[in-house]
Amino acid sequence: MKISFHTLGCKLNQAETEELKKDLVQRGFSVVLFGAHEDVAVVRACGVTVDASQTTREMIRRAKRRGAYVIAVGCLENKDLPEIDFVARGNEEVVSHCEARRGAVGCVLASLGREASAMPLRRHKALRTHPTARLRNDRTRTLIKIQTGCNFNCAYCIIPSFRGRTRSVPSEAVIKKIKEAEKDGYKEAVLTGVNICQYKDSSHPPFVPPSGSGGDLAELLKKILRETKIERIRLGSLDPRLISEKLIKLFLPPFYSPLKKGGQNRLMPHWHLSLQSGSDTMLKRMRRGYNAKQYLGIVQKLRQANPLFSFTTDIIVGFPGETEKEFTETCAFVKKMSAQDGPAFGGGFAKIHVFPFSPRPGTAAAKMPNQVQDKIKTERVKKLLKISKAEAKKFAAKFTGKTRPVLFEQKKSGYFAGYTPEFVRVRVKSKQTLQNKIKEIKI
Ligand code: SF4
């Protein structure tokens with residue numbers, strides 16, 4: 001039976017799809033590209049914005065028009081769409097439903113005297129060639145899900161209503177997944193979840209309640225360092241209100257030795273530390289639970305020990321009630337980031353994802369007064385992007401002349417492209433293949 005996948009949204013959704021593909025391939029299902037005459041199409045939904053919800057619906061409709069049996073899973077808003085044949089709550093349910101479906105089809109075919117397992121479900125298309133999708137198109141970086149759900153209630157966010165309260169993957173299962181990735185040839189594991197800072201380990205599979213008293217994210221990292229050999233470990237998006245001293249210490253000397261050979265340097269000095277606004281009044285209205293000073297405090301600790309430590313972030317522009325003064329505070333904050341490693345260096349955020357606020361029905365922010373006009377949002381996005389570009393350029397310039405280990409991915413337009421530990425993209429011309437190799441490169 002041929003199965004295709006379409007995944008919308010965040011890294012967590014992508015990680016869940018990769019796990020599902022792997023599981024189904026092991027059970028003998030054949031994974032094809034979405035739209036390549038699949039028998040079953042699995043659409044992993046995203047409902048984080050109104051646009052994402054619409055795209056999800058469109059993908060479901062497209063698959064149905066092709067005649068596929070459609071399974072929807074993930075952050076799905078319109079569970080009652082007539083085009084959906086089955087709504088699954090999670091990967092386990094998709095797997096058992098696919099198995100049952102194959103079983104049912106097999107019974108029908110067997111009753112016709114056919115060999116069920118060799119029989120394509122859609123016989124009329126059996127003679128066409130189907131590009132079989134590989135599990136990943138590279139073997140460089142893999143996403144490892146460690147957690148889902150969230151106990152917070154940020155004013156603009158709908159995710160907790162889709163994913164519920166936080167639940168964590170037991171550390172043993174995380175270690176197992178990383179060891180499998182190592183065997184598959186991956187060099188880098190990216191730990192992902194809805195809010196990985198809420199990680200709590202426990203020995204009760206598959207998930208633990210938020211009250212679980214097990215180890216936190218820092219403990220999990222130590223365990224991964226002790227029990228696996230994967231060369232690079234990168235963290236997914238981090239929440240400033242939950243950054244512990246214990247976590248920071250893992251990225252500081254003497255535990256961490258960013259440039260010296262032989263030192264512990266498998267933890268990548270790159271944090272996607274979600275900011276959302278540089279204005280304290282805005283952060284309060286967004287219910288973010290931290291202020292600009294606290295955020296800067298985290299940056300200072302890491303940057304002063306390692307000026308190359310890289311920060312990327314998200315900022316929402318035009319949140320309800322955002323005044324010109326509050327927006328200016330955000331711009332000033334972004335510039336202030338440059339000064340955190342001494343005037344000799346410069347360069348603040350390595351990258352900022354700037355989002356114009358879009359009201360998501362079902363959230364507190366959608367009902368707030370003083371919604372900002374679209375025209376003002378567009379102007380502010382433009383202004384912030386300009387600052388962000390300049391800052392990113394300054395940050396990248398810090399690397400000129402330095403030698404950094406680069407993990408190379410695919411070759412494109414004659415160049416091998418890869419990333420330094422700080423997630424700076426480097427391109428190199430080489431006659432030898434560099435794919436999935438870590439090489440010291442003078443930038
Ligand atoms: S921390 Fe806030 S933004 Fe992130 S998932 Fe939880 S509620 Fe949403």
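Figure 1. Just after H1, Gly 28 adopts a positive phi of about 90°. This is a predicted model, and the angle is computed from it. Helix H1 covers residues 11–26, and its 16 residues should span 22 Å at 1.5 Å a residue; the end C-alpha atoms lie 23 Å apart, which agrees. Look along H1 for its buried residues: Leu 12, Asn 13, Ala 15, Glu 16, Thr 17, Leu 20, Lys 21 and Leu 24.

**Figure 2. Helix H9 and what covers it.** Helix H9 takes in residues 292–305, 14 residues in total. From first C-alpha to last, H9 reaches 20 Å, close to the 20 Å expected at 1.5 Å a residue. Ala 292, Tyr 295, Val 299, Leu 302 and Arg 303 are the buried residues of H9.

**Figure 3. Val 40 in the largest nonpolar core.** This core holds 96 residues, and the members that touch the most others are Val 40, Val 42, Val 43, Val 70 and Ala 72. Here we zoom in on Val 40. Leaving aside residues up to four places away in sequence, Val 40 touches Met 1, Ile 3, Ala 68, Tyr 69, Ile 71 and Cys 98.

**Figure 4. The shell around the ligand.** Cys 150, Phe 152, Asn 153, Cys 154 and Cys 157 are among the residues around the ligand. The shell also includes Ile 159, Pro 160, Val 194, Asn 195 and Asp 239. Sorted by class, seven residues of the shell are nonpolar, two are polar and one is charged.

**Figure 5. Gln 276, a non-glycine residue with positive phi.** Gln 276 is not a glycine, yet its phi is positive, at about 75°. You will find Gln 276 in the loop between strand E11 (270–272) and H8. Gln 276 is buried, because 23 other C-beta atoms lie within 10 Å and 20 or more are enough for that label.

**Figure 6. Ser 413, in the loop between E14 and E15**. Ser 413 is another residue other than glycine with a positive phi, near 45°. The strands on either side of its loop are E14 (403–412) and E15 (415–419). Ser 413 is exposed, because it has 6 other C-beta atoms within 10 Å, and 12 or fewer count as exposed.

Definitions and conventions: Residues are numbered from 1 along each chain as its sequence is written. This is a predicted model: local features need pLDDT of at least 70, side-chain atom pairs count only at pLDDT 80 or more; totals for chains, interfaces and linings use all residues. A residue is near a molecule or strand if its C-beta atom, placed from the backbone, lies within 6 Å of it. Ala, Val, Leu, Ile, Met, Phe, Trp, Tyr, Cys and Pro count as nonpolar, Asp, Glu, Lys and Arg as charged, and the others, Gly among them, as polar. A nonpolar core is a set of buried Ala, Val, Leu, Ile, Met, Phe, Trp, Tyr and Cys residues joined through C-beta atoms within 7 Å. Two residues are in contact if their C-beta atoms, placed from the backbone, lie within 7 Å. Helices (H or I, at least four residues) and strands (E, at least two) are DSSP runs, numbered from the N terminus. The expected span of a helix is 1.5 Å times one less than its number of residues.
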